[in-house]
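Here is a short report on one protein model. Look at the sequence and the structure first, then read on.

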Amino acid sequence: LRSRQGPHLRLAGGGAGIINFCANNYLGLSSHPEVIRAAVEALEKFGAGLSSVRFICGTQSIHKDLEEKIARFHQREDAILYASCFDANAGIFEALLTPEDAVLSDELNHASIIDGIRLCKANKYRYKHMDMQDLEAKLKEAQKHRLRLVATDGAFSMDGDIAPLREICQLAQKYDALVFIDECHATGFLGPNGRGTDELLGVMDKVTIINSTLGKALGGAAGGYTTGPKPLIDLLRQRSRPYLFSNSLPPAVVGCASKALDLLMESNAIAQSMAAKTQRFRSKMTAAGFTISGKDHPICPVMLGDARLASVMAEDMLNRGIYVIGFSYPVVPKGKARIRVQISAVHSDEDIDRCVEAFTEVGRKHGAL
(Lines give C-alpha, C1' and ligand atoms only; values in the text may rest on other atoms or scores of the structure.)
Protein backbone atom coordinates (compact mmCIF):
# COMPACT_ATOMS: atom_id res chain seq x y z
CA LEU A 1 0.00 0.00 0.00
CA ARG A 2 1.13 3.56 -0.72
CA SER A 3 -1.79 5.10 1.15
CA ARG A 4 -3.51 4.89 4.50
CA GLN A 5 -5.85 1.97 5.17
CA GLY A 6 -9.36 2.56 3.89
CA PRO A 7 -11.99 1.59 1.32
CA HIS A 8 -9.96 3.15 -1.51
CA LEU A 9 -6.23 2.55 -1.87
CA ARG A 10 -3.14 3.32 -3.89
CA LEU A 11 -0.83 0.36 -4.36
CA ALA A 12 2.91 0.19 -4.96
CA GLY A 13 3.64 -0.19 -8.64
CA GLY A 14 1.18 2.45 -9.74
CA GLY A 15 -2.18 0.95 -8.78
CA ALA A 16 -4.62 3.75 -7.98
CA GLY A 17 -8.34 3.87 -7.37
CA ILE A 18 -8.34 0.35 -5.90
CA ILE A 19 -11.37 -0.60 -3.76
CA ASN A 20 -10.27 -2.59 -0.73
CA PHE A 21 -12.42 -5.57 0.27
CA CYS A 22 -9.96 -7.54 2.40
CA ALA A 23 -9.26 -5.40 5.50
CA ASN A 24 -10.47 -5.99 9.07
CA ASN A 25 -11.30 -2.28 9.11
CA TYR A 26 -14.95 -3.07 9.82
CA LEU A 27 -16.01 0.38 11.00
CA GLY A 28 -13.66 2.42 8.84
CA LEU A 29 -11.95 3.87 11.92
CA SER A 30 -8.37 3.12 10.82
CA SER A 31 -8.28 6.49 9.05
CA HIS A 32 -11.05 8.33 10.90
CA PRO A 33 -9.92 11.94 11.45
CA GLU A 34 -10.89 11.99 15.14
CA VAL A 35 -9.08 8.70 15.76
CA ILE A 36 -5.93 10.01 14.06
CA ARG A 37 -6.14 13.28 16.00
CA ALA A 38 -6.43 11.38 19.30
CA ALA A 39 -3.35 9.32 18.41
CA VAL A 40 -1.34 12.44 17.59
CA GLU A 41 -2.38 14.12 20.85
CA ALA A 42 -1.40 11.03 22.87
CA LEU A 43 1.92 10.82 21.02
CA GLU A 44 2.75 14.46 21.77
CA LYS A 45 1.66 14.31 25.43
CA PHE A 46 2.83 10.83 26.46
CA GLY A 47 5.70 10.11 24.04
CA ALA A 48 6.57 7.48 21.47
CA GLY A 49 6.79 4.55 23.88
CA LEU A 50 7.37 3.47 27.46
CA SER A 51 10.64 1.51 27.19
CA SER A 52 9.21 -0.72 29.88
CA VAL A 53 6.70 -3.38 30.77
CA ARG A 54 3.59 -2.39 32.68
CA PHE A 55 4.61 -3.47 36.20
CA ILE A 56 7.91 -1.52 36.17
CA CYS A 57 7.39 1.98 34.80
CA GLY A 58 5.19 1.28 31.79
CA THR A 59 1.75 2.21 33.11
CA GLN A 60 0.44 5.65 32.21
CA SER A 61 -2.90 7.12 33.16
CA ILE A 62 -4.17 6.51 29.61
CA HIS A 63 -3.53 2.75 29.93
CA LYS A 64 -5.69 2.57 33.06
CA ASP A 65 -8.33 4.81 31.46
CA LEU A 66 -8.53 2.55 28.39
CA GLU A 67 -8.84 -0.59 30.51
CA GLU A 68 -11.69 1.00 32.45
CA LYS A 69 -13.36 2.05 29.19
CA ILE A 70 -13.08 -1.47 27.72
CA ALA A 71 -14.66 -2.99 30.83
CA ARG A 72 -17.47 -0.42 30.70
CA PHE A 73 -18.08 -1.04 27.00
CA HIS A 74 -18.40 -4.80 27.55
CA GLN A 75 -20.25 -4.30 30.87
CA ARG A 76 -17.62 -6.28 32.76
CA GLU A 77 -15.78 -5.64 36.03
CA ASP A 78 -12.24 -5.07 34.75
CA ALA A 79 -9.91 -5.41 31.76
CA ILE A 80 -6.21 -5.91 31.03
CA LEU A 81 -4.32 -4.73 27.94
CA TYR A 82 -1.92 -6.80 25.82
CA ALA A 83 0.27 -6.06 22.81
CA SER A 84 -2.18 -8.12 20.70
CA CYS A 85 -5.11 -10.47 21.12
CA PHE A 86 -2.73 -13.26 20.12
CA ASP A 87 -0.87 -12.40 23.34
CA ALA A 88 -4.12 -12.25 25.31
CA ASN A 89 -4.98 -15.76 24.09
CA ALA A 90 -1.45 -16.98 24.78
CA GLY A 91 -1.58 -15.58 28.30
CA ILE A 92 -4.93 -16.66 29.73
CA PHE A 93 -5.18 -20.45 29.62
CA GLU A 94 -1.82 -21.15 31.25
CA ALA A 95 -2.52 -18.66 34.04
CA LEU A 96 -6.07 -19.84 34.70
CA LEU A 97 -6.05 -23.61 34.21
CA THR A 98 -4.14 -26.36 36.05
CA PRO A 99 -3.67 -30.09 35.36
CA GLU A 100 -6.83 -30.64 37.43
CA ASP A 101 -8.93 -28.62 34.96
CA ALA A 102 -10.34 -29.08 31.45
CA VAL A 103 -10.69 -26.85 28.41
CA LEU A 104 -13.16 -27.65 25.63
CA SER A 105 -12.35 -25.96 22.33
CA ASP A 106 -14.21 -25.69 19.00
CA GLU A 107 -12.17 -27.45 16.32
CA LEU A 108 -12.14 -24.33 14.10
CA ASN A 109 -11.01 -21.88 16.77
CA HIS A 110 -8.44 -19.26 15.80
CA ALA A 111 -4.77 -20.30 15.79
CA SER A 112 -4.01 -18.10 18.81
CA ILE A 113 -6.62 -19.93 20.93
CA ILE A 114 -5.13 -23.24 19.85
CA ASP A 115 -1.61 -22.05 20.72
CA GLY A 116 -2.77 -20.66 24.08
CA ILE A 117 -4.40 -23.98 24.95
CA ARG A 118 -1.25 -25.86 23.95
CA LEU A 119 0.70 -23.82 26.52
CA CYS A 120 -1.51 -24.82 29.44
CA LYS A 121 -1.47 -28.12 31.35
CA ALA A 122 -5.22 -28.61 31.48
CA ASN A 123 -6.94 -31.65 30.01
CA LYS A 124 -7.84 -30.79 26.42
CA TYR A 125 -11.06 -31.64 24.60
CA ARG A 126 -11.88 -30.60 21.03
CA TYR A 127 -15.51 -30.61 19.90
CA LYS A 128 -16.83 -30.57 16.33
CA HIS A 129 -17.42 -27.13 14.88
CA MET A 130 -20.52 -25.60 16.49
CA ASP A 131 -21.82 -29.13 17.21
CA MET A 132 -23.74 -28.91 20.48
CA GLN A 133 -24.30 -32.65 20.75
CA ASP A 134 -20.57 -33.23 20.60
CA LEU A 135 -19.91 -30.41 23.08
CA GLU A 136 -22.41 -31.94 25.51
CA ALA A 137 -20.76 -35.35 25.18
CA LYS A 138 -17.36 -33.78 25.88
CA LEU A 139 -18.76 -31.83 28.87
CA LYS A 140 -20.14 -35.07 30.33
CA GLU A 141 -16.73 -36.67 29.89
CA ALA A 142 -15.03 -33.66 31.52
CA GLN A 143 -17.13 -33.74 34.68
CA LYS A 144 -14.31 -35.57 36.46
CA HIS A 145 -12.15 -32.43 36.34
CA ARG A 146 -12.11 -29.58 38.86
CA LEU A 147 -13.00 -26.72 36.48
CA ARG A 148 -14.33 -26.77 32.92
CA LEU A 149 -13.82 -23.91 30.43
CA VAL A 150 -15.58 -23.86 27.05
CA ALA A 151 -13.53 -21.79 24.57
CA THR A 152 -14.91 -20.56 21.26
CA ASP A 153 -14.57 -17.80 18.72
CA GLY A 154 -17.64 -15.59 18.83
CA ALA A 155 -17.43 -15.14 15.05
CA PHE A 156 -15.21 -17.48 13.02
CA SER A 157 -12.95 -15.51 10.72
CA MET A 158 -12.55 -18.02 7.90
CA ASP A 159 -16.20 -18.96 7.44
CA GLY A 160 -18.09 -15.91 8.67
CA ASP A 161 -20.32 -17.98 10.93
CA ILE A 162 -21.35 -17.10 14.47
CA ALA A 163 -21.05 -19.42 17.46
CA PRO A 164 -24.37 -20.65 18.95
CA LEU A 165 -23.69 -18.88 22.23
CA ARG A 166 -27.19 -19.35 23.66
CA GLU A 167 -26.86 -23.11 23.40
CA ILE A 168 -23.23 -23.07 24.59
CA CYS A 169 -24.19 -21.04 27.66
CA GLN A 170 -27.12 -23.36 28.41
CA LEU A 171 -24.81 -26.37 28.30
CA ALA A 172 -22.20 -24.56 30.40
CA GLN A 173 -24.84 -23.82 33.02
CA LYS A 174 -26.08 -27.43 32.95
CA TYR A 175 -22.59 -28.86 33.39
CA ASP A 176 -21.15 -26.13 35.65
CA ALA A 177 -18.62 -24.74 33.15
CA LEU A 178 -17.27 -21.29 32.35
CA VAL A 179 -17.53 -19.74 28.88
CA PHE A 180 -14.69 -17.94 27.09
CA ILE A 181 -15.14 -16.18 23.73
CA ASP A 182 -12.69 -14.57 21.33
CA GLU A 183 -14.45 -11.52 19.87
CA CYS A 184 -11.84 -10.21 17.43
CA HIS A 185 -14.25 -10.46 14.50
CA ALA A 186 -17.28 -9.21 16.44
CA THR A 187 -16.27 -6.35 18.74
CA GLY A 188 -17.50 -3.01 17.47
CA PHE A 189 -20.15 -4.11 14.98
CA LEU A 190 -22.15 -7.17 16.08
CA GLY A 191 -25.08 -6.58 18.41
CA PRO A 192 -27.33 -3.51 18.76
CA ASN A 193 -24.49 -1.43 20.25
CA GLY A 194 -21.54 -3.27 18.69
CA ARG A 195 -20.57 -5.05 21.89
CA GLY A 196 -20.25 -8.40 20.14
CA THR A 197 -21.82 -11.81 19.78
CA ASP A 198 -22.84 -12.06 23.44
CA GLU A 199 -24.89 -8.87 23.02
CA LEU A 200 -26.22 -10.03 19.63
CA LEU A 201 -27.46 -13.30 21.13
CA GLY A 202 -28.56 -11.92 24.51
CA VAL A 203 -26.10 -13.77 26.76
CA MET A 204 -23.90 -10.97 28.09
CA ASP A 205 -24.58 -12.11 31.66
CA LYS A 206 -23.65 -15.73 30.91
CA VAL A 207 -20.26 -15.33 29.17
CA THR A 208 -17.49 -15.24 31.78
CA ILE A 209 -14.42 -14.11 29.80
CA ILE A 210 -13.98 -12.06 26.62
CA ASN A 211 -10.74 -11.66 24.70
CA SER A 212 -10.66 -9.23 21.81
CA THR A 213 -8.53 -6.87 19.76
CA LEU A 214 -7.94 -3.18 19.21
CA GLY A 215 -6.35 -3.99 15.84
CA LYS A 216 -9.49 -4.53 13.77
CA ALA A 217 -12.70 -2.51 14.25
CA LEU A 218 -11.40 -0.41 17.17
CA GLY A 219 -8.94 1.78 15.31
CA GLY A 220 -7.02 -0.98 13.55
CA ALA A 221 -3.58 -0.23 15.02
CA ALA A 222 -2.56 -2.91 17.52
CA GLY A 223 -3.32 -4.26 20.95
CA GLY A 224 -5.64 -6.77 22.57
CA TYR A 225 -7.31 -7.33 25.89
CA THR A 226 -9.07 -9.64 28.31
CA THR A 227 -12.17 -8.44 30.12
CA GLY A 228 -14.16 -10.25 32.78
CA PRO A 229 -14.37 -10.71 36.56
CA LYS A 230 -11.96 -8.56 38.57
CA PRO A 231 -10.34 -11.52 40.40
CA LEU A 232 -9.44 -13.03 37.02
CA ILE A 233 -7.90 -9.77 35.80
CA ASP A 234 -5.96 -9.47 39.07
CA LEU A 235 -4.64 -13.01 38.53
CA LEU A 236 -3.56 -12.22 34.96
CA ARG A 237 -1.65 -9.11 36.09
CA GLN A 238 0.39 -11.34 38.41
CA ARG A 239 0.80 -14.48 36.27
CA SER A 240 0.14 -13.87 32.56
CA ARG A 241 3.52 -14.06 30.86
CA PRO A 242 2.77 -12.03 27.67
CA TYR A 243 1.54 -9.20 29.92
CA LEU A 244 4.43 -9.39 32.35
CA PHE A 245 7.19 -9.58 29.74
CA SER A 246 5.98 -7.39 26.84
CA ASN A 247 6.38 -3.64 26.51
CA SER A 248 3.37 -1.48 27.21
CA LEU A 249 1.16 -0.44 24.31
CA PRO A 250 2.52 2.76 22.72
CA PRO A 251 0.59 5.91 23.74
CA ALA A 252 -0.53 6.67 20.18
CA VAL A 253 -2.14 3.22 19.93
CA VAL A 254 -3.87 3.74 23.28
CA GLY A 255 -5.11 7.14 22.17
CA CYS A 256 -6.65 5.95 18.92
CA ALA A 257 -8.30 2.90 20.51
CA SER A 258 -9.74 5.05 23.29
CA LYS A 259 -11.25 7.46 20.77
CA ALA A 260 -12.68 4.56 18.74
CA LEU A 261 -14.49 3.33 21.86
CA ASP A 262 -15.75 6.85 22.55
CA LEU A 263 -17.26 7.02 19.06
CA LEU A 264 -18.96 3.66 19.54
CA MET A 265 -20.37 4.51 22.96
CA GLU A 266 -21.63 7.90 21.79
CA SER A 267 -23.68 6.39 18.95
CA ASN A 268 -24.46 2.97 17.52
CA ALA A 269 -25.02 4.43 14.04
CA ILE A 270 -21.72 3.15 12.60
CA ALA A 271 -22.24 -0.34 13.99
CA GLN A 272 -25.83 -0.43 12.75
CA SER A 273 -24.82 0.56 9.22
CA MET A 274 -23.01 -2.76 8.76
CA ALA A 275 -26.08 -4.98 8.54
CA ALA A 276 -27.57 -3.42 5.38
CA LYS A 277 -24.21 -3.30 3.57
CA THR A 278 -23.48 -6.93 4.45
CA GLN A 279 -26.92 -8.04 3.28
CA ARG A 280 -26.52 -6.12 0.02
CA PHE A 281 -23.31 -7.93 -0.87
CA ARG A 282 -24.44 -11.38 0.26
CA SER A 283 -27.81 -11.22 -1.55
CA LYS A 284 -26.36 -9.88 -4.82
CA MET A 285 -23.55 -12.44 -4.87
CA THR A 286 -25.97 -15.28 -4.15
CA ALA A 287 -28.28 -14.04 -6.92
CA ALA A 288 -25.29 -14.04 -9.29
CA GLY A 289 -24.77 -17.74 -8.55
CA PHE A 290 -21.93 -17.72 -5.98
CA THR A 291 -21.93 -19.70 -2.73
CA ILE A 292 -21.25 -17.42 0.25
CA SER A 293 -20.33 -19.10 3.51
CA GLY A 294 -21.54 -17.93 6.92
CA LYS A 295 -24.57 -15.86 7.75
CA ASP A 296 -25.20 -12.15 8.36
CA HIS A 297 -21.52 -11.41 9.03
CA PRO A 298 -19.38 -8.89 7.09
CA ILE A 299 -16.86 -11.68 6.51
CA CYS A 300 -18.25 -13.10 3.26
CA PRO A 301 -16.22 -16.09 2.00
CA VAL A 302 -16.82 -16.73 -1.70
CA MET A 303 -16.45 -20.51 -1.79
CA LEU A 304 -14.55 -21.81 -4.84
CA GLY A 305 -12.97 -25.10 -3.73
CA ASP A 306 -9.90 -25.00 -5.94
CA ALA A 307 -6.77 -23.22 -4.67
CA ARG A 308 -5.51 -22.18 -8.09
CA LEU A 309 -8.95 -20.87 -9.08
CA ALA A 310 -9.07 -18.72 -5.93
CA SER A 311 -5.59 -17.35 -6.68
CA VAL A 312 -6.15 -16.48 -10.35
CA MET A 313 -9.58 -15.02 -9.69
CA ALA A 314 -8.14 -12.75 -6.98
CA GLU A 315 -5.46 -11.57 -9.45
CA ASP A 316 -8.10 -10.80 -12.07
CA MET A 317 -10.21 -8.97 -9.49
CA LEU A 318 -7.24 -6.70 -8.73
CA ASN A 319 -6.86 -5.99 -12.45
CA ARG A 320 -10.45 -4.77 -12.30
CA GLY A 321 -9.71 -2.51 -9.32
CA ILE A 322 -10.98 -4.80 -6.53
CA TYR A 323 -8.48 -5.88 -3.86
CA VAL A 324 -9.32 -9.33 -2.45
CA ILE A 325 -7.19 -12.29 -1.39
CA GLY A 326 -7.55 -16.00 -2.08
CA PHE A 327 -7.32 -18.39 0.89
CA SER A 328 -6.26 -22.03 0.50
CA TYR A 329 -4.58 -24.83 2.46
CA PRO A 330 -3.08 -24.68 5.08
CA VAL A 331 -5.03 -21.53 6.08
CA VAL A 332 -8.27 -23.39 5.31
CA PRO A 333 -8.88 -27.15 4.79
CA LYS A 334 -8.00 -28.78 1.46
CA GLY A 335 -10.85 -28.46 -1.01
CA LYS A 336 -12.26 -25.42 0.81
CA ALA A 337 -10.38 -22.64 -1.02
CA ARG A 338 -12.18 -19.33 -1.12
CA ILE A 339 -11.84 -15.61 -1.65
CA ARG A 340 -12.68 -13.91 1.64
CA VAL A 341 -14.48 -10.61 1.12
CA GLN A 342 -14.84 -8.25 4.07
CA ILE A 343 -17.44 -5.50 4.13
CA SER A 344 -16.73 -2.20 5.89
CA ALA A 345 -19.03 0.53 7.12
CA VAL A 346 -17.19 2.95 4.82
CA HIS A 347 -17.95 1.00 1.65
CA SER A 348 -20.57 2.77 -0.42
CA ASP A 349 -23.38 0.93 -2.18
CA GLU A 350 -21.56 1.74 -5.42
CA ASP A 351 -18.38 0.09 -4.09
CA ILE A 352 -20.32 -3.07 -3.22
CA ASP A 353 -22.10 -3.18 -6.57
CA ARG A 354 -18.81 -2.72 -8.43
CA CYS A 355 -17.31 -5.61 -6.46
CA VAL A 356 -20.22 -7.89 -7.35
CA GLU A 357 -19.97 -6.92 -11.02
CA ALA A 358 -16.24 -7.70 -11.06
CA PHE A 359 -16.82 -11.07 -9.36
CA THR A 360 -19.49 -11.92 -11.93
CA GLU A 361 -17.20 -11.08 -14.84
CA VAL A 362 -14.23 -12.96 -13.40
CA GLY A 363 -16.36 -15.91 -12.28
CA ARG A 364 -17.74 -16.38 -15.78
CA LYS A 365 -14.28 -16.04 -17.32
CA HIS A 366 -12.87 -18.83 -15.15
CA GLY A 367 -15.89 -21.10 -15.14
CA ALA A 368 -16.84 -20.51 -11.51
CA LEU A 369 -20.39 -19.59 -12.54
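## The largest pocket

Which residues lie nearest the centre of the largest pocket? They are Leu108, Asn109, Met158, Val331 and Val332. The lining holds 19 residues in total. Keep in mind that this is a predicted model.

The largest pocket has about 490 Å³ of space. Sort its lining by class, and you get 11 nonpolar, five charged and three polar residues.

In the contact, domain 1 takes part with 23 residues and domain 2 with 25 residues.

## An enclosed strand

Now turn to strand E13, residues 337-342. Is it largely enclosed or largely open? Six of its six residues are buried, so the rest of the structure largely encloses this strand. Buried here means under 20% relative accessible area.

In a regular strand, side chains alternate between the two faces of the sheet. Look at E13 with that in mind. Ala337, Ile339 and Val341 point one way. Arg338, Arg340 and Gln342 point the other way. Both sets are buried, the arginines included.

## Partners of E13

Which strands pair with E13? One is E10, residues 299-305, joined to E13 by six bridges. Another is E12, residues 325-327, joined to E13 by three bridges. E10 and E13 run antiparallel, and so do E12 and E13.

Two bridge partners can be picked out. Val302 is partnered by Ile339 in E13. Phe327 is partnered by Arg338 in E13.

The loop between E12 and E13 contains Pro330. A cis peptide bond joins Tyr329 to Pro330, with omega at about 10°.

Two other loop residues have a positive phi without being glycine. Ser51 has a phi of about 50°. Ser51 sits in the loop between helix H1 (33-46) and helix H2 (54-57). Met130 has a phi near 55°. Met130 is in the loop between strand E5 (123-127) and helix H6 (132-141).

How exposed are these two residues? Ser51 has a relative accessible area of 72%, so it counts as exposed. Met130 has 27%, so it counts as partly exposed. The cut-off for exposed is over 50%.

How values were computed:
Residues numbered from 1 in each chain as written. Predicted model: local features only at pLDDT ≥ 70, side-chain atom pairs only at ≥ 80, totals over all residues. Heavy atoms only, no water. Buried < 20%, exposed > 50% of the residue type's maximum accessible area, 1.4 Å probe, protein only. Helix = DSSP H or I, 4+ residues; strand = E, 2+ residues; numbered from the N terminus. Pairing = 2+ DSSP bridges. 1 Å grid on protein atoms, 1.4 Å probe; cavity = no way out; pocket = protein on both sides within 12 Å on 5 of 7 lines; lining within 4 Å. Points joined across faces, edges and corners; volume = space filled by probe spheres on them. Nonpolar A, V, L, I, M, F, W, Y, C, P; charged D, E, K, R; others polar. Contact = heavy atoms within 4.5 Å.
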